[in-house]
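These are my notebook entries on one protein model. I record what I looked up, entry by entry.

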Amino acid sequence: KQMPWKKNALPSLPSFPVIGSLLSIQSHHLPHIHFQELQKTYGPIYSLMMGPHNVIVVNDHQHAKEVLLKKGKTFAGRPRTVTTDILTRDGKDIAFGDYSATWKFHRKMVHAALCMFGEGSSSIEKIICREASSMCRTLEELQSTAIDLAPELTRAVTNVICSLCFSSSYQRGDPEFEAMLKYSQGIVDTVAKDSLVDIFPWLQIFPNEDLRILKQCVSVRDKLLQKKYDEHKAEYNKDVQRDLLDALLRAKSSLENNNTMTQDVGLTDDHLLMTVGDIFGAGVETTTTVLKWSIAYLIHHPEVQKKIQDELDSKIGMQRHPQLSDRGKLPYLEATIREVLRIRPVSPLLIPHVALTNTSIGNYMVHKGARVIINLWSLHHDEKEWKNPEKFDPERFLDEDGNSLSSPSASYLPFGAGIRVCLGEALAKMELFLFLSWILQRFTVEVSPGEPLPDLQGKFGVVLQPQRYKVNARLRAGWKQI
Ligand code: HEM
């Protein structure tokens, strides 16, 4: 076995003092597409300098799995950046928190709390169906007009997360909800810019409009989170657990009764607040975006939409609503969701990982502190793994007779993998399945005659989003109120 120090240096982009490889990574392409293109010159794995930081870009599944799974713990760090420090009170959350005993404990606790919502009257399924039903009613009212679905989808997904975290949800037009949408958008817009302050923290001494907006939005968010937190603390009853915040308070209080542990893991009020902030941050924009991509692709591919509806009609009919237990019966819909997650991964560069020790990837040495970007876009569009990767084809996820799901390639990781795998994967999959099946059972989505089809290129931000588009949701013939 080769020792890390016997390994080779990575192919690297030209680098200049102070600015690093910034000049070579300026491109009119979206970053993930540019990183994919650079493979032609440098191979599937290469390094570059972003300011003072050594960044390694991985574009193939073999190396990606070595980083995420085989050496998951070695690469479990996260970089600290100016923007994420503002967002997470210096990394006291899960997504941007560096690997540590506190982080490990914290993640485990949230995972356990999320798992507890499987069953019962406040089960995730019931919450999602309630929101799906309310969204379908709104779509029915707006039927004959071309509408931007985005606010409706955002409200439905936000309400699921709000119910889960705080047992509250919002009607259309609620001022607290509008405030929440506004600050979320502000955070998404400013964190997304990957601004130069993250590369050169000393730039902070100059006024920076984005940072100012970010700080302001974070402070509005924090006030709202604090209010919910204070309410929950005041009403706390160890025998009743209404939501995630109650579950976290209970875990914290049982730790405190066992006080040796608290000191070791240091779970403060800030940690719990930032966790809830994380679940909003990671849970709303991502899921909403996948729904927007799904609808956009279904408009482009009416034949796919028709097949999903035929499947829904024959397996469920119109007398009842779809439920989670129907998932196994609707392979074509599941295959479509998988294909959307492949062709437009919402998080095409995952979240950067950091090497915690000197190590290696493949035959290349990697120094402690190097940042590793897994280019999921390259994995999902690798021509060696996927036939005609830009073609939208749900059938690639079905076996030959079309009746059951298959995994055509290992080059597919929409939720990441290993110890940093998405914490909300199960929740997200339930939401995608239920929202899409409810919508398509009742409506056909299409653009009005003469209107342009949605753009499928996407714009890069915190997540890869489609451009805004308008649709008509037309009530299907044969649908009767149930
Ligand atoms: C992390 C995808 C929905 C919570 C991630 C990562 C990806 C991802 C690719 C990064 C993995 C890495 O850095 O290696 C998605 C997709 C979603 C989705 C495609 C929707 C379809 C959600 C939801 C939640 C959530 C609903 C809320 C519970 C998180 C958290 C992390 C994360 C907390 C950070 C995990 C860590 O750093 O340890 N997600 N996600 N995600 N996701 Fe999701």
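**Entry: serine 169.** I located serine 169 in the loop that joins helix 7 to helix 8 (175-192); helices here are DSSP runs of H or I with at least four residues, strands are runs of E with at least two, and both are numbered from the N terminus. The model is a predicted one, in which local features need pLDDT of at least 70 and side-chain atom pairs count only at pLDDT 80 or more, while totals for chains, interfaces and linings use all residues. Residues are numbered from 1 along each chain as its sequence is written.

I then asked: is serine 169 buried or exposed? Serine 169 counts as buried, because 20 C-beta neighbours lie inside 10 Å. The cut-offs are 20 or more other C-beta atoms within 10 Å of a residue's own for buried, 12 or fewer for exposed, and anything in between for partly exposed, with C-beta atoms placed from the backbone. Setting aside residues up to four places away in sequence, I found that serine 169 touches Asn159, Cys162 and Ser163; contact requires C-beta atoms, placed from the backbone, within 7 Å. From serine 169 to threonine 158, eleven residues away in sequence, the C-alpha distance is 8.1 Å.

**Entry: the protein overall.** I counted 17 helices and ten strands. Of the 482 residues, 41% count as buried. Among contacts between residues at least 6 apart in sequence, 74% join residues at least 24 apart.

**Entry: nonpolar cores.** I looked for sets of buried Ala, Val, Leu, Ile, Met, Phe, Trp, Tyr and Cys residues joined through C-beta atoms within 7 Å, each such set being a nonpolar core. The largest has 78 residues, and Ile161, Cys165 and Phe435 have the most contacts inside it. Elements giving two or more residues to this core include helix 5 (101-115), helix 6 (124-141), helix 7 (150-166) and helix 17. Helix 13 gives the most to this core, with 16 residues. I noted a further core apart from this one, of 29 residues, with Leu38, Ile45, Met50 and Ile56 among them. I also checked cysteine 165: leaving aside neighbours within four places in sequence, cysteine 165 is in contact with Asp243, Leu244, Leu245, Val276 and Ile279.

**Entry: the ligand shell.** Which residues are closest to the ligand? They are Ala282, Gly283, Gly416, Cys422 and Gly424, out of 23 residues that surround the ligand; a residue is near if its C-beta atom, placed from the backbone, lies within 6 Å. Helix 13 (269-300) and helix 17 (425-442) each supply at least two residues of this shell. Helix 13 gives the most to the shell, with seven residues. By class I recorded 14 nonpolar, six polar and three charged residues. In this scheme Ala, Val, Leu, Ile, Met, Phe, Trp, Tyr, Cys and Pro are nonpolar, Asp, Glu, Lys and Arg are charged, and the others, Gly among them, are polar.

**Entry: helix 2.** I compared the length of helix 2 (residues 31-42) with expectation: at 1.5 Å a residue, its twelve residues should span 16 Å, and the end C-alpha atoms are 16 Å apart, which agrees. The expected span is 1.5 Å times one less than the number of residues. His32, Phe35, Gln36 and Leu38 are buried in helix 2. They lie on the same side of helix 2, because they cover an arc of only 155° around the axis, the arc being that of the directions from the helix axis to the C-beta atoms. Glu37, Lys40 and Thr41 are exposed on the other side. Strand 1 (45-50), strand 2 (53-58) and helix 16 (376-380) are included in what covers the buried residues of helix 2. Glycine 43, with a positive phi near 90°, follows helix 2.

**Entry: helix 3.** In helix 3 (residues 61-70) I found His61, Ala64, Lys65, Val67 and Leu68 buried. An arc of only 165° around the axis puts them on the same side of helix 3. Their cover includes strand 2, strand 3 (353-354), strand 4 (359-361), strand 6 (371-374) and helix 16.

**Entry: residues with positive phi.** Aspartate 90 is not a glycine, yet has a positive phi of about 65°. Aspartate 90 sits in the loop between helix 4 (82-88) and helix 5, and is partly exposed, with 15 other C-beta atoms within 10 Å. Asparagine 388, also not a glycine, has a positive phi of about 50°. Asparagine 388 is in the loop between helix 16 and helix 17 and counts as exposed, with 9 C-beta neighbours inside 10 Å.

Technical notes:
Two residues are in contact if their C-beta atoms, placed from the backbone, lie within 7 Å.
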